[in-house]
Structure formats: structure tokens, C-alpha cells
Amino acid sequence: RSSNHPRVPEAPRGAPVRRSHGQAPREEEEQPAEDVPEVQRPEARAGAPAPRAQGGEEGGHEEAAEEGPGHPELLAVKAQMLESLERQKKAKDKEMEQRRTEARARAKEEQQRATEMKQQVIAEREAQRKKAREEQRAAREKGGTAKKAAP
């Protein structure tokens, strides 16, 4: 080649190869594998025991792999984050309890006002009825005395 570009080493057979620098990484082509034996999983080998189903005859349940501590240097950061979340949760719970208490107090006041208004309406209605009865009685007495005087 007479190009000034350095030569790019070839990828192993069967691996995806990028054709040019101008293409996006998603546009990869796969070279056909020639004379490369297929890799078998250990349970697929001849003579290997069949994988056992966990959790009953239907299977489907696999025991979770035991997780290690992860990155020990991140444990302090994780602990701080958990503390922060816990504080936020406590503050939110406290705020919600305060809101509930205030809402209960408002509802109780509103109910008390409604009861007082009902009692006031009932009292006014009774007063009107009493007044109407008094007027009827007065009209009857007046009419009754007029009838007695007329004959």
C-alpha cells in the first residue's frame, strides 16, 4: 500500500469488524468463522450431568448467587447515601404526619361549624313556626271575638 495511514491489525476470525472510521459503531459486520470449533457449555458436554431444576418438579426457581461486598471503597459512600435517604424519609414522614394532623383539625372545625349552622337554621325555622302559630292564634281569637260580638 502506498497510503500514509498505519496498518490496522486484523480482528480474530468470527469477531465483528469495523470497515471504516466513518461508520458508526452499530454498523458492524461479522466475518464468517472458518474452522473455529464451537464452544460448548459444560452442561452440554457428553457425559456431563443434566442441570437440575430447583424449587420443585416444574423448575424455574434458581437460587440467587451470593453477592460479594462489591467495591469496599464504595461502602462508605453507600452508607452515607443510605443515611441521607433515611433522613429524607423521616423528614417526609414527619411532614406528612403534620399535614394529616392539620387536616384533621380543619375537618373537625368544619364539621363543628356545619353543626352550628344546622342548629341555627333549625332554631330560626322553629322561631318562624312559633311566630306563625302566634299570628294564627291571634287571628282566631280576633275572629272569634268578632263572631261572638256579631250575633
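I call a residue buried under 20% relative accessible area, exposed over 50%, and partly exposed in between (1.4 Å probe, protein chains only). I number residues from 1 along each chain as its sequence is written. This is a predicted model, so I take local features only at pLDDT of at least 70 and side-chain atom pairs only at pLDDT 80 or more, while totals for chains, interfaces and linings use all residues, and side-chain values use heavy atoms, with hydrogens and water left out.

**Entry: confidence**

I looked up pLDDT, the predictor's confidence in each residue, from 0 to 100. The protein averages 76. I find 49% of the residues scoring at least 70. Among the elements, α1 has the highest mean pLDDT, 91. Strand β2 (residues 29-30) has the lowest, 54.

**Entry: elements**

I took helices and strands as DSSP runs, numbered from the N terminus (helices H or I, at least four residues; strands E, at least two). The protein has 1 helix and 2 strands. Along the sequence the pattern reads β-β-α. Helix α1 spans residues 72-149.

**Entry: burial and contacts**

How much of the protein is buried? Buried residues make up 1% of the 151 residues. I then looked up contacts (heavy atoms within 4.5 Å). Among contacts between residues at least 6 apart in sequence, 0% join residues at least 24 apart. For area I used the Shrake-Rupley method with a 1.4 Å probe; for residues, only the protein chains shown count as cover. The protein exposes about 15500 Å². Carbon and sulfur atoms supply 51% of that area.

**Entry: nonpolar patch**

Met81, Leu82 and Leu85 form a nonpolar patch on the surface. Together they have about 310 Å² of accessible area. I checked Leu82, which lies in helix α1. Leu82 counts as exposed because its relative accessible area is 51%.

**Entry: salt bridges**

I counted a salt bridge when a side-chain nitrogen of Lys or Arg is within 4 Å of a carboxyl oxygen of Asp or Glu. The whole structure holds 8 salt bridges.

Asp93 bridges to Lys89, with the closest N and O atoms 3.3 Å apart. The two residues are 4 apart in helix α1, so about one helical turn separates them. Asp93 is partly exposed at 41% relative accessible area. Lys89 is partly exposed too, at 49%.

Glu110 bridges to Arg113, with the closest N and O atoms 2.7 Å apart. Both lie in helix α1, 3 residues apart, about one turn of the helix. I read Glu110 as partly exposed, at 45% relative accessible area. Arg113 counts as partly exposed at 45% relative accessibility.

Where do Glu134 and Arg137 lie? Both are in helix α1, 3 residues apart, about one turn of the helix. Glu134 is partly exposed, with a relative accessible area of 42%. Arg137 is partly exposed at 43% relative accessibility.

Notes
Patches are made of residues with over 30% relative accessible area and no salt bridge: like charges are joined within 9 Å, nonpolar side chains (Val, Leu, Ile, Met, Phe, Trp, Tyr) within 5 Å.
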